[in-house]
Every structure is written in structure tokens, then in C-alpha cells.
Amino acid sequence: MYNFKKSSIVFFCVLIIVLPLDLQVVEAEEQDVVENVILMIPDGFSTSYVTSYRLFKGEELVFDPFLIGMIKTNSANSWVTDSAAAATAMSTGVKTNNKMIGVTPDGQILKTILEEAKGSGRSTGLVTTVSITDATPAAFGAHVISRKDQTEIAKQLITKVDVLLGGGKYHFLSETSRNEKQENTLEVAKSSGYYYLETRDQLLNLSGSEEKVLGLFAEAELTPVIDKRTKEQPSLEEMTTAAIQSLHNNEKGFFLMIEGGQIDRAGHVHDPVWAMNETKAFEEAVEKVLDFAKENGQTLVVIAGDHDTGGMSVGGYDEYVANVELLKEAKATGNYIASKLNHKRSNAANVMKEYTGIKLTKKEAKQIKKAKKKEVAISINHIISKRAYIGWTTHVHSGTNVPIYAFGPRSHLFSGNLDNTDIPKKIAEVMGVEISNK
Ligand SMILES: [Zn+2]
């Protein structure tokens with residue numbers, strides 16, 4: 001009896017002393033403001049891409065362990081979003097119509113998470129493998145009714161984004177070439193303190209102390225990784241490393257969005273080789289980001305596609321088979337292979353053997369020969385897809401949910417069945433800023 005009483009007293013003392021302390025710790029963690037947030041968007045990347053890439057790679061993805069939920073992707077006016085509406089939802093917490101950037105369906109300007117981060121004293125950055133003025137990066141730092149207005153997007157980006165790395169030089173220069181009287185955005189950027197560069201060497205030679213960097217490595221989009229035959233353009237991983245180095249100069253922290261923009265491009269033309277190799281390049285960038293986040297301890301990493309592209313399937317053609325491994329043999333995209341065909345396409349068998357390892361059947365050779373001029377690359381991609389048992393259902397996007405991954409402090413907030421509009425709201429909470437859109 002005595003022993004029971006004694007142990008009960010000890011037990012309750014422990015409860016009184018330890019439990020409140022424990023709760024305090026949890027509360028403090030919940031309210032902790034995280035210094036840096038890196039949002040990574042593999043454009044067009046759905047679960048079929050995840051599975052295909054796992055088979056292609058032969059092992060788990062670097063970010064597989066951090067899968068935390070799914071996100072709904074629809075836009076304000078369609079169950080099937082485009083990248084403009086998807087990125088607007090992911091940057092502002094508000095759904096808009098397809099093709100619109102950083103504005104409501106009736107054209108009202110929305111505050112973006114990048115702008116809120118900037119307002120809190122943090123540095124900001126955008127990195128992509130397509131044009132930096134393309135829909136996904138644009139929606140974080142610009143407000144236009146139409147995503148096509150890329151000249152205006154360029155002008156807006158240089159007023160608030162500290163580090164801009166990608167393609168799209170054309171949109172920073174075009175006004176000079178078209179109309180001398182108008183301002184040249186590139187010159188404005190240089191005079192407002194941007195360190196400007198346009199080659200991989202220049203990027204690799206940055207000192208790391210440059211706080212404002214504008215790197216435009218192609219007139220439009222960067223060359224697909226599998227088609228690169230020179231080292232003039234940096235990889236997504238190299239741009240990522242440079243961006244983090246530059247943004248990390250700010251003691252108040254930073255917000256960085258990194259887009260694997262060409263996974264989507266591959267999906268549009270049903271090119272599984274392109275898609276797998278761009279996913280590989282994206283994964284390499286993720287690895288660098290995770291290394292930084294693990295060492296830094298004050299960085300939340302969120303990875304989520306904006307939508308599916310192409311309606312890819314793993315398996316198809318009425319067989320219980322997948323043969324994605326075959327894609328490892330390929331050395332070029334369908335577009336590149338098509339450019340190597342002669343006028344009559346009589347060298348199709350040789351070219352296909354050289355770049356894909358595939359020995360064409362007579363039927364397949366005929367398929368390439370008979371394709372309309374604009375669809376030669378697609379006919380090549382369909383032959384490769386069928387051999388790899390990868391199916392496609394559309395040349396645009398599909399409305400399926402996409403996976404979300406998170407790593408670092410407060411990453412648990414991103415778990416469950418989310419809407420794409422939840423992402424910036426949760427990032428705002430984590431960064432201790434308000435996202436003021438209603
Ligand atoms: Zn797309």
C-alpha cells in the first residue's frame with residue numbers, strides 16, 4: 001500500500017513537472033518561424049512519372065521518403081488546369097482561370113508568397129529550365145491577364161526577384177529590337193544592380209557574394225538535358241547551387257522557387273526519353289537542395305508538381321507489361337532524332353538505331369515515313385513509348401491529383417489531401433508572414 005502511494009506520488013509529480021514542459025516544447029516548435037523556404041515544382045509531374053522514373057532509375061527516388069500527401073490541381077474555370085492558373089494557385093492561394101498570371105479571374109492583382117517573403121526582408125529567387133518569363137516562375141513575381149505577355153512579365157520580375165536563372169533572354173531584349181524607343185529590360189536590370197551572365201562558365205565562376213543575379217542562358221528555353229552536346233548551358237543542379245549560395249547571403253532568410261520546366265514539355269509531345277532525363281536532372285537539383293536543408297536546419301523544402309501532362313500511364317496497349325528500362329538506351333529526344341532524318345526519311349532505321357538502340361520494324365519505319373512533317377517527332381516518340389509500354393491520353397494536361405513531398409522544420413503541415421491553394425498559405429504560416437488575399 002505504502003509502495004503504491006509512493007510510486008503514485010512520484011508518478012503525478014513527474015506528470016506535473018514533465019508534461020507541461022513537454023507541451024511547451026511542442027508549442028514552441030509549432031510557432032517557430034522558418035528562415036528559408038525552397039519550393040520545387042517539377043512541371044507536369046504526376047504519379048505515373050514517379051513510377052516510370054523509379055523503373056528507369058532502378059531504385060527509389062531521392063525524394064521518395066518525403067512523400068507526404070496529394071494535391072488537387074483544378075483551376076477556377078476548369079478541372080484541367082494549365083501552368084498559369086496552377087502556379088497562381090501555388091503562389092497566391094487563390095484559384096484563377098487558365099492562362100492568367102497572379103490575378104483573380106476578374107483581373108484583380110493578388111499578392112504572391114514571393115512578394116510576402118520579400119516584404120519580410122528575405123531575399124527571393126526563381127530558377128527554371130524554360131524561360132524565366134514562362135507561366136510557372138512568372139506567377140510568383142508578376143501579374144498579367146495573359147501568360148503570353150512575357151515582355152511585361154520580364155519587366156515586373158526585375159523589380160522584386162533577387163536571383164533569376166533560366167532561359168528567355170528574348171523577352172528581356174525584344175523591345176530594343178522591335179522598338180528602339182522603349183526601354184530595354186536587360187539594361188534596366190543591369191543598371192539596377194543585377195550581376196548579368198549568360199554562360200555556364202560565368203555561373204560557375206560567381207564569387208557567391210553577388211546578391212542580385214540575372215542569368216539568361218538561352219533565347220527561349222534551355223536545351224533538353226539529353227540533347228546537350230556542349231557545356232555552354234548550366235544544369236538545373238548548377239543553377240540551384242548558385243541561387244542558394246547567393247540568396248543565403250541574407251541573414252533574414254530567403255524564398256526560392258525552382259522549376260523542372262521541361263518534364264511538361266516532354267509530356268506534351270509524348271516523349272518518355274525526354275521526360276525521364278528531365279526528371280533525373282530535377283532529382284539531381286533536389287539532392288543539392290536536401291543537402292543544404294539538412295546542414296542548414298532552418299530550411300523547409302516542399303516539392304510538388306503543378307499538374308499532370310500527357311496523361312501518362314505505366315503499362316498499356318492491353319498487356320500486363322512495363323518496359324521503361326529500355327529508355328536508358330536512348331541518347332536524344334524525339335525532336336533531336338527527327339532533325340537527323342534526311343528529306344525522304346530513308347535513314348530512319350539507322351538514325352533510330354544510333355540514338356535509341358531500337359531496331360525498327362518495317363511497319364514502324366513506314367509510320368515515321370508517312371507522318372506529317374510536324375508530327376515526325378511525335379511518331380518517333382510513339383514508337384519508343386509503345387516499346388516501353390508507356391501510354392499517353394492527351395497532348396495537353398490531365399486533371400489527376402499530383403503527389404507532394406516535404407522535408408525540414410514544420411514539414412508535417414503539408415500532409416494529407418491538399419488543394420494547390422493550401423501550399424502558399426502553409427508556406428506563409430511557416431515563414432511567419434501573412435498572405436493577404438481573400
Ligand atoms: Zn504544359
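Predicted model: local features only at pLDDT ≥ 70, side-chain atom pairs only at ≥ 80, totals over all residues.

Student: Is D43 buried or exposed?

Tutor: Buried. Its relative accessible area is 0%, and the cut-off for buried is under 20%.

Student: What is D43 in contact with, leaving aside neighbours within four places in sequence?

Tutor: S83, T136, E259, G260, G261, I263, D264, D306 and H307.

Student: OK, D264 next. Where is D264 found?

Tutor: In helix α11 (residues 262-268). D264 counts as buried because its relative accessibility is 2%, under the 20% cut-off.

Student: And what does D264 touch?

Tutor: Not counting residues up to four places away in sequence, D264 touches D43, G44, H307, T309 and H397.

Student: Which positions does UniProt give for "binding site"?

Tutor: The unreviewed UniProt entry places that feature at D43, D264, H268, D306, H307 and H397. These positions are spread over 355 residues of sequence, yet they cluster in space. The largest C-alpha distance is 14.4 Å.

Student: Switching to the sheet. What is the strand order?

Tutor: The order is β5-β6-β4-β3-β7-β1-β8-β13-β2-β14. That is an open sheet of 10 strands with mixed pairing. At the edges are β5 (195-197) and β14 (416-419), each pairing on one side only. From one strand to the next, the twist averages 15°.

Student: How many bridges join β1 to β8?

Tutor: Five. Strand β1 (residues 36-42) and strand β8 (residues 299-304) run parallel.

Student: Which residue in β8 is the bridge partner of L39?

Tutor: V302.

Note on methods
Residues numbered from 1 in each chain as written. Heavy atoms only, no water. Pairing = 2+ DSSP bridges. Helix = DSSP H or I, 4+ residues; strand = E, 2+ residues; numbered from the N terminus. Axes fitted to C-alpha atoms, helices over the stretch in contact; angles between N-to-C directions. UniProt positions renumbered as here; feature names shortened; annotations may be inferred. Buried < 20%, exposed > 50% of the residue type's maximum accessible area, 1.4 Å probe, protein only. Contact = heavy atoms within 4.5 Å.
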